[in-house]
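Please open the structure in your viewer and keep the selection tool at hand. The stops below say what to select and what to look for there.

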Amino acid sequence: MFEPVLTRNIHRPDSEKISVYLAHGGYQAARKALTLAPEEIIEMVKRSGLRGRGGAGFPAGVKWGFMPRDADVQKIVAVNTDEGEPGTFKDREIVESDPHQVIEGVIIAAYAVGASRAYVYIRGEFFLGVKRWIKAIADAYEHGYLGENILGSGLNLDMSVHRGAGAYICGEETAMLESLEGKRGNPRLKPPYPAQTGLFGLPTLVHNIETLTCIPNIIERGSAWFAGIGTEESKGPKIFSVSGHVKHPGNYELPLGIPLREIIYEHAGGIRGGQKLKAIIPGGTSTPMLTADQIDVPMAFETLKQVGSELGTGAIIVMDESTCMVEAARRLSKFFAHESCGRCTPCRIGSQRIFEILDRMEHGKGKTGDIDLILELVQGIDGQTFCPMGAMLVNPPRSAIQRFREEFEYHITHKCCLVDAMDG
Amino acid sequence: MATVNISVDGKKIQGETGQTVLQVAREAGIYIPVLCDHPALPPEGACRICLVEIEKQGTLQPACTFPATDGLVIHTNTERVRASRKFNLELLISDHPLDCMTCEATGDCLLQDLAYEYSVEGDRFEGTKHHYSINDPNPFIQVDRNKCILCRLCVRACREINGVEAISVFYRGFGAYIGFGADSHMADSPCEFCGSCVAVCPTGALWPKMSLGKGRPWEVERIQTTCPYCGVGCQIILEVKDNEIIKVDSAWEGPSNHGWTCVKGRFGWDFVHHPDRLTQPQVRRYLLEGSQPKPGPADRHPEVAGDPWEWVETDWDTALDITAQKFRQHRDESDPRSVGVLTSAKCTNEENYLMNKFTRQVIGTNSIDHCARL
């Protein structure tokens with residue numbers, strides 16, 4: 001039985017309080033880290049094999065290595081709490097229930113890369129999260145874990161919280177930095193990468209909440225422990241947010257590489273109402289959907305890629321046989337059209353056109369050739385947009401058409417839904 | 001600056017580190033179509049028309065933002081590139097009024113040129129179109145958001161050239177549009193009406209109101225000249241049809257203004273053809289006739305023919321002779337200090353210097369001042 005690590009505290013009463021955190025070994029990893037050389041910590045994170053948990057899966061230690069070592073330049077840690085990928089609710093639960101574990105990760109990361117300032121960017125809709133963040137930071141200051149000369153180590157670290165105004169794209173790291181600077185949340189041109197020119201032009205380490213939560217555990221238990229969990233290319237524990245047509249939706253912390261079937265059937269209680277499984281989005285709405293026969297895929301970066309999808313944020317959305325895939329694709333496309341920042345042509349207009357075509361199909365007004373028109377749009381948009389959003393917005397309609405084409409054809413020819421027709 | 005060698009469509013060309021692929025190609029005279037880039041402004045990467053194939057890159061890359069580095073092999077006109085360009089044009093056209101027949105920009109519109117070059121048809125991705133009001137109650141610039149392709153050249157021109165930031169993008173996605181101030185009219189925003197936005201707009205979205213319906217780009221003669229308003233010596237391009245100015249355009253090579261103008265230079269040209277404009281020197285009748293003694297205010301009868309105070313048209317020699325004679329009379333017969341000279345910011349430095357010399361040395365007074373100091 002896998003012992004949860006990242007979520008070990010969240011079920012304790014008052015788990016968000018610093019007293020409870022301290023009573024269960026809190027901030028011990030930070031104490032330990034501050035006695036080590038920064039290079040040793042970076043080496044430990046590299047050896048652990050930790051990859052970013054925000055969706056892109058970039059090796060965290062490598063990212064730390066990109067930060068300049070020049071002591072004269074102020075460096076920044078930016079904490080991405082803009083968890084906006086539909087179906088994903090893991091960071092929210094950590095921040096609401098165990099914010100000090102994240103602060104501990106931030107202290108260790110700041111010490112390792114030489115940062116003296118940490119900014120938290122949090123989704124505007126996370127009202128409780130904002131309150132918990134502010135309280136946790138204030139308590140950490142009071143106990144000497146933030147501020148000047150932390151635990152007598154000479155490390156100075158200030159931390160504050162900034163609320164976003166509700167834009168999906170601000171979860172993309174450079175758009176988040178723009179928003180933190182008080183500007184319109186549009187992605188920046190890369191290069192330069194944040195590690196060179198980040199927030200206010202300073203070298204900035206941007207991390208997801210779950211990634212930062214892994215850090216104290218790596219320090220405390222060692223990189224070998226972390227690297228011992230998971231698969232060849234995907235190490236460590238991972239929180240899977242399971243939602244949709246399962247009996248027990250929720251966050252499940254499990255080792256990477258665990259088969260999708262096990263998560264759905266053993267942990268989330270299987271499909272609700274005795275229905276049959278139809279499709280699964282394995283890593284948040286921007287990842288291509290899988291069909292029921294792909295359920296034995298191990299949930300890891302490399303294995304999901306092999307079956308034509310991605311691990312993304314690890315948010316598993318389960319759809320049973322009552323789901324109309326045209327409607328599912330329509331709703332997902334509506335989300336992406338709504339969240340496009342509007343900067344580049346293919347995303348701004350293309351996302352809208354995909355939604356419009358799916359919308360008319362769903363409402364019985366689809367035309368012959370509409371399926372191919374969507375595929376043309378998808379091909380034209382993919383890889384040609386300013387930021388990764390273009391590659392993401394094409395995944396729901398493309399994978400739905402590839403795997404459930406007959407449903408789209410049925411909608412066009414019969415002006416109604418195949419799923420409804422089968423129900424009688 | 002280190003030199004970088006790149007290959008574009010088989011041509012070996014050179015640029016400098018820090019330049020983009022588009023900049024190097026442009027300097028070498030290689031054409032890469034683009035809608036959102038302007039040599040005077042930082043790149044944006046918005047329109048995706050300049051996507052090119054760069055060897056060893058999996059996806060097409062925007063020439064306008066891709067840094068030129070040694071050894072890049074670039075193809076600007078492959079089937080893949082042309083298909084992508086056409087795709088993006090088709091998307092832009094799907095939310096465009098397609099009223100080229102009456103559009104002011106016809107013949108001077110990058111979108112139109114590219115739509116023609118790529119045989120773009122309007123209905124491939126047809127869907128919702130915007131219907132924005134073009135009612136912006138300012139005296140100078142017509143704002144037609146229906147023709148806007150959100151290239152943000154105007155946003156950058158306002159920020160980078162004039163330094164005002166009156167223009168920005170409001171809302172997002174398909175609902176994004178160009179707006180002014182706090183999403184208000186241009187006149188309510190910090191806009192100074194320098195018109196730089198009009199000069200860089202690739203379509204007919206921003207157009208000078210006073211030029212509407214005055215003529216087509218191919219009907220005008222473009223004449224570069226020096227703006228007459230002040231001594232800065234800004235270069236401007238007059239668009240002249242039938243010997244009448246119909247528009248002012250930016251002269252990007254102007255050494256003192258690099259394309260920028262103020263509101264006067266851009267929109268203050270209607271005086272040229274104004275019926276009230278003086279085209280000949282005029283002198284008071286009593287001066288022309290040499291009446292003695294000088295008539296007083298009580299002799300002023302503008303309604304009566306032969307009024308001694310009336311302005312009478314004359315030739316330059318007569319007017320200048322009278323002026324010189326009056327100067328001499330005051331200097332010699334009374335005190336030179338009874339003469340005062342006020343010069344103008346509309347004169348050049350050289351002209352102002354000459355007036356200074358004239359006042360102090362020829363007239364003999366120190367009473368000289370300049371409107372810019374007042």
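Select B:Asp242, in the loop between strand S11 (235-241) and strand S12 (244-250) of chain B. Helices (H or I, at least four residues) and strands (E, at least two) are DSSP runs, numbered from the N terminus. B:Asp242 has a positive phi of about 50° although it is not a glycine. Most residues other than glycine have a negative phi. B:Asp242 is exposed, at a relative accessible area of 69%. Here buried means under 20% relative accessible area, exposed over 50%, and partly exposed in between, with a 1.4 Å probe and protein chains only.

A note on what is on screen: this is a predicted model, in which local features need pLDDT of at least 70 and side-chain atom pairs count only at pLDDT 80 or more, while totals for chains, interfaces and linings use all residues. Residues are numbered from 1 along each chain as its sequence is written, chains are lettered from A and ligands numbered from 1 in the order in which they are written, and side-chain values use heavy atoms, with hydrogens and water left out.

Stay in chain B and select B:Phe193. This residue belongs to the loop between strand S8 (177-180) and helix H5 (196-200) of chain B. B:Phe193 is not a glycine, yet has a positive phi of about 55°. Is B:Phe193 buried or exposed? B:Phe193 is buried, with a relative accessible area of 10%.

Next, show chain A and chain B together. The contact between them takes 30 residues from chain B and 32 residues from chain A, where contact means heavy atoms within 4.5 Å. The two chains bury about 2,500 Å² between them, 50% of it on carbon and sulfur atoms. Buried area is the accessible area (1.4 Å probe) that two parts lose on being put together, summed over both.

How many salt bridges are counted between chain B and chain A? The count is 3 salt bridges, each a side-chain nitrogen of Lys or Arg within 4 Å of a carboxyl oxygen of Asp or Glu. For one salt bridge, select B:Arg124 and A:Glu376, whose closest N and O atoms are 2.1 Å apart. Between chain B and chain A there are also 20 residue pairs in polar contact (both at pLDDT 80 or more). A polar contact is a pair of N or O atoms within 3.5 Å; within protein, one must be able to donate a hydrogen and the other to accept it, and residues adjacent in sequence count only if both atoms are side-chain atoms.

On the chain B side that touches chain A, helix H2 (79-94) and strand S7 (167-170) of chain B are the elements that give two or more residues. H2(B) supplies the largest share, 6 residues. By type, this side of chain B divides into 14 nonpolar, 9 polar and 7 charged residues. Ala, Val, Leu, Ile, Met, Phe, Trp, Tyr, Cys and Pro count as nonpolar, Asp, Glu, Lys and Arg as charged, and the others, Gly among them, as polar.

Domain 1 of chain A and domain 2 of chain A bury about 1,400 Å² between them, 58% of it on carbon and sulfur atoms. In domain 1 of chain A, select A:Arg53, A:Glu85 and A:Phe89, which lose the most area to domain 2 of chain A, together 33% of what that side buries.

Between these two domains the count is 1 salt bridge. Select A:Lys238 and A:Glu210, which form a salt bridge with the closest N and O atoms 2.8 Å apart.

Last, go to the loop between helix H8 (173-180) and strand S4 (204-208) of chain A and select A:Arg188. A:Arg188 is buried, with a relative accessible area of 18%. Its side chain makes a polar contact with the side chain of A:Glu178 (2.7 Å), and a polar contact of 2.7 Å also joins the side chains of A:Arg188 and A:Glu181.

In the loop between H8 and S4 of chain A, also select A:Pro191 and A:Pro192. A cis peptide bond joins A:Lys190 and A:Pro191, with omega about -10°. Another cis peptide bond joins A:Pro191 and A:Pro192, with omega about 5°. Most peptide bonds are trans.
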